[in-house]
Amino acid sequence: LEIDGLVVSEGGLVMARDHSHDQHPGRWEECYCDMMKSDVLSAVVDQIRTDIPGACFAADMDGDILISHAEYFAMVQENDPLFYDKFLKGKDPTPDFRSRLGSSHSIAWMWVLHPTIPTAELQPQIARIVERHTRNDNATQEVTVTSAPITLGEQAQVGAVTLKQQANKRIGLQVLAERWGLEPADFLAFGDAANDLDMFAWVGRSVCPANAQECAKVRATETSGLTNDEEFIADALERYYG
């Protein structure tokens with residue numbers, strides 16, 4: 001299996017191999033980048049900490065997933081143990097989270113969690129803070145504020161919000177489609193959460209695992225009988241492509 005394209009960081013970065021390069025055939029080339037600025041996001045985080053005490057943060061900084069507080073792990077583990085086991089188990093908080101944020105070259109996304117303010121209340125509060133700071137940036141930083149793709153019970157008091165640029169996985173695939181001369185029908189996509197829905201709506205075929213979020217199961221063209229832990233992607237690739 002040879003990989004010719006990568007869509008990473010929630011679609012914020014797209015890389016493709018350049019097979020036409022004379023001296024370095026197959027070298028990786030950046031063909032799309034839409035990341036948040038560290039100075040703007042640092043100001044947003046400082047304001048959130050002042051206005052909304054108790055908020056905890058996670059962010060993709062230069063390709064590393066960093067967590068601000070131990071309380072973040074506890075909230076995720078209690079509300080979405082499957083997500084915790086898959087992505088966070090064994091990790092530790094980053095003591096210098098704020099300074100790392102300020103010195104980062106690119107931030108693909110940030111999650112904000114709060115233990116007592118539900119998402120419906122937390123999201124507009126953070127949106128106002130983001131709007132205030134991005135407005136001062138002469139509208140060059142278009143940060144979206146949405147609910148985070150984490151499973152929360154209907155009675156959960158925990159709030160979970162995502163901050164990211166306009167990019168998403170669908171946009172990333174569109175970049176590769178244009179580069180390679182492909183159509184949406186040529187793509188088979190895999191995903192398991194709310195942040196995959198735009199991508200699922202665009203591609204020709206999509207498969208989610210048996211333990212995916214319900215919203216992903218509704219939008220995908222197929223729900224596998226296997227879970228994320230049972231190589232559902234390898235199974236689908238074998239069935240579709242042999």
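What is the order of the five strands in the open sheet? I read it as E5-E4-E6-E8-E7, with antiparallel pairing. Strands E5 (64-67) and E7 (144-147) stand at the edges with a single partner strand each, so one side of each lacks a neighbour in the sheet. On average, neighbouring strands are turned by 20° against each other, direction ignored.

Basis of the entries: I worked on a predicted model, where local features need pLDDT of at least 70 and side-chain atom pairs count only at pLDDT 80 or more, while totals for chains, interfaces and linings use all residues. Residues are numbered from 1 along each chain as its sequence is written, and side-chain values use heavy atoms, leaving out hydrogens and water.

Terms: helices (H or I, at least four residues) and strands (E, at least two) are DSSP runs numbered from the N terminus. Two strands pair if DSSP finds at least two bridges between them.

Strands E6 and E8: I found E6 (residues 107-114) and E8 (residues 159-164) paired in the antiparallel sense over six bridges. His-114 stands opposite Gly-159 in E8.

Lys-164: I located this residue in strand E8. Lys-164 is buried (under 20% relative accessible area; exposed is over 50%, partly exposed in between; 1.4 Å probe, protein chains only), at 11%.

Positive phi: I noted Asp-62, not a glycine, with a phi of about 55°. Asp-62 lies in the loop between E4 and E5 and is partly exposed at 41% relative accessibility. Phi of Glu-231 is also positive, near 55°, and Glu-231 is exposed at 60%.

Key: Axes are lines fitted to C-alpha atoms, for helices over the stretch in contact, and angles run from 0 to 180 degrees between N-to-C directions.
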